[in-house]
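These are my notebook entries on a structure that I looked up feature by feature. I set down the conventions before the entries themselves.

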Amino acid sequence: MFSVVNPATEDVIAEVPRTPVEQVDEIIATARAAFPGWRDVAPGDRARLLRRFAELVDTNVEELAALEVRNSGHTISNARWEAGNVRDVLHFYAGAPERLHGMQIPVAGGVDVTFKEPLGVVGVIVPWNFPMPIAGWGFAPALAAGNTVVLKPAELTPLTALRLGELALEAGIPPGVFTVVTGQGSVVGERLVTHPDIRKIVFTGSTEVGTALMAKCAPQVKRVTLELGGKSANIVFADSDLEKAAATAPYGVFDNAGQDCCARSRILVERTVFDHFMGLLEPAVKGVRVEDPALDSAEMGPLISAAHHASVSAYVPDDAPVAFRGNAPDGPGFWFAPTVLAPVAPGTPAFTDEIFGPVVAVTPFDDEADAIRLANATDYGLSGSIWTRDLGRAFRVARAYESGNLSVNSHSSVRYWTPFGGYKRSGLGRELGPDALDAFTETKNVFIDTEE
Ligand code: NAD
């Protein structure tokens, strides 16, 4: 067993099994055995079961959200959105079983058709920063396409995943079709990667673990989708609505205490308005409400763990160029005040590393070409924002920035009906949106000779 800790109080709130390898193998065997039955459920019935699962998530949004507040320190308003996102993603992909169309392709002497067939058992490996949505983005389309799923939550945040597993059974999804297994990444996660009956891995987590995992999938040519780290830029041009850009910038990076792969953790500001922008940013940062995440007014909670607190703190040594900081509570809990570093030189760790905490680096740029060069000057390419009133420039920069999810005059990244994923070392493949089902199916081509 391992202890699950409330990061806002440091209290132990649950004990969860460390599942041993032999038991993981049994769970995979059960999922493998459940696969033909689930694959053959009539499309309309599979859709109905997923809708029922979605409705049960909806009925339990408050319970799931409260659980996430206690387990992950997420603010209650974020946690409600996260549970609602699982519901919405299930509803969205509940429309898929009846729409998994193949093609009919013209050929001489016969008929050629394609089928979208499920892969088998899919392993979904989830990090601790968004336990509910990231799990749902994997399991909902996987199940809709007719695969069975073994879900491994992160060691630190298993509680909502376990509850979602119960709700799936309650919805009537047959045993073995969707199983949640807790334990260590190096044991349970590793076994999902090496077991030949797992036909695909959906991994979200660090670039370090993701790249090693991809190599381990290679010998079996195991399908893999990777959603990894980010170091996204919020690019602020002088012609933008500077008041709005400054007022929203803290929420583009400090949401979820900066533990967000899409966090705009670099703010690039046109040099001519740098000082003006910093003057507007300071009150916005100081106004972020960092408090008990169970309060409706909370805008930011604690970091996830003591170890992560130490890792984030290492990026703010005594001689760091701290421009200003926001507030955080004293006492127990892994609290870290929002921190603005400026000016940060390109190429330094604060500019290139994914800190994954409420620390933002602000850097000036000279012109559009310089902004694009700096935005692309990291190994990552997941997200980003562009603030300008010039529509042509917005499109030019959006096309030139090597990143998968961009927003103009906003910080939004994720809509479940649009694609999500990274360029460069931020990942491989896309989740969500209309095309996610391609990642959970094989295309089979069948030719039928019609000649006499
Ligand atoms: P992590 O890589 O340490 O762990 C992620 C998951 O992998 C956990 O469930 C862990 O138990 C498991 N794991 C660890 N070692 C493993 C192994 N050898 N084999 C198989 N599984 C293993 O990441 P984390 O610290 O939990 O999460 C933070 C990271 O996730 C950040 O880098 C963040 O950017 C990234 N992230 C990316 C996205 C995205 O969509 N791109 C979303 C959220 C988080």
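The entries below cover conventions, loops, salt bridges, helix packing, backbone geometry and a surface patch.

**Conventions**

I worked from a predicted model, in which local features need pLDDT of at least 70 and side-chain atom pairs count only at pLDDT 80 or more, while totals for chains, interfaces and linings use all residues. I numbered residues from 1 along each chain as its sequence is written, and I used heavy atoms for side-chain values, leaving out hydrogens and water.

**Entry 1: the loop between β5 and α5**

I looked up P127, which lies in the loop between β5 (121-125) and α5 (131-144). I took helices (H or I, at least four residues) and strands (E, at least two) as DSSP runs, numbered from the N terminus. P127 counts as buried because its relative accessibility is 15%; here buried means under 20% relative accessible area, exposed over 50%, and partly exposed in between (1.4 Å probe, protein chains only).

I then listed the contacts of P127, contact meaning heavy atoms within 4.5 Å. Leaving aside residues up to four places away in sequence, P127 touches I134, A154, T157, T204 and G205. I also noted F203, which is 76 residues from P127 along the chain, with 8.5 Å between the two C-alpha atoms.

N129 lies in the loop between β5 and α5. N129 has 3% relative accessibility and therefore counts as buried. Its contacts, not counting residues up to four places away in sequence, are H74, I134, N256, Q259, D260, C261 and F356. For N129 and C261, I recorded a C-alpha to C-alpha separation of 8.5 Å across 132 residues of sequence.

**Entry 2: salt bridges**

How many salt bridges does a search of the whole structure find? I recorded 23, a salt bridge being a side-chain nitrogen of Lys or Arg within 4 Å of a carboxyl oxygen of Asp or Glu.

I examined K216 and E190, whose closest N and O atoms are 3.2 Å apart in a salt bridge. This pair links distant parts of the chain, with K216 in helix α8 (residues 207-217) and E190 in helix α7 (residues 185-194), 26 residues apart. K216 is partly exposed at 37% relative accessibility, and E190 is partly exposed at 28%.

I next examined E368 and R393, which form a salt bridge with their closest N and O atoms 3.0 Å apart. E368 belongs to helix α13 (residues 368-375) and R393 to helix α14 (residues 391-400), so the pair ties together parts that are 25 residues apart in sequence. Both E368 and R393 are buried. I found E368 and R393 linked with D239 and R396 in a network of salt bridges.

In a further pair, the side chains of R289 and E291 meet in a salt bridge at 3.1 Å, N to O. R289 is partly exposed at 41% relative accessibility, whereas E291 is buried at 14%.

**Entry 3: helices α3 and α6**

How do helix α3 (residues 61-72) and helix α6 (residues 159-170) pack, and at what angle? I recorded an angle of about 155 degrees, with the axes 9 Å apart. That makes α3 roughly antiparallel to α6, since angles over 145 degrees count as roughly antiparallel, under 35 as roughly parallel, 65 to 115 as roughly perpendicular and the rest as oblique. The axes are lines fitted to C-alpha atoms over the stretch in contact, and angles run from 0 to 180 degrees between N-to-C directions. On the α3 side, E63, L64, L67, E68 and N71 meet L159, T160, R163, L164 and L167 in α6.

**Entry 4: backbone geometry**

Most residues other than glycine have a negative phi, and most peptide bonds are trans. I noted that the peptide bond from A342 to P343 is cis, with omega near -15 degrees. P343 lies in the loop between β13 (339-341) and α12 (349-352).

A257, which is not a glycine, has a positive phi of about 55 degrees. A257 sits in the loop between α9 (242-254) and β11 (266-270), and its relative accessibility of 0% makes it buried. K424, also not a glycine, has a positive phi of about 50 degrees. K424 is in strand β18 (residues 423-424) and is partly exposed at 35% relative accessibility.
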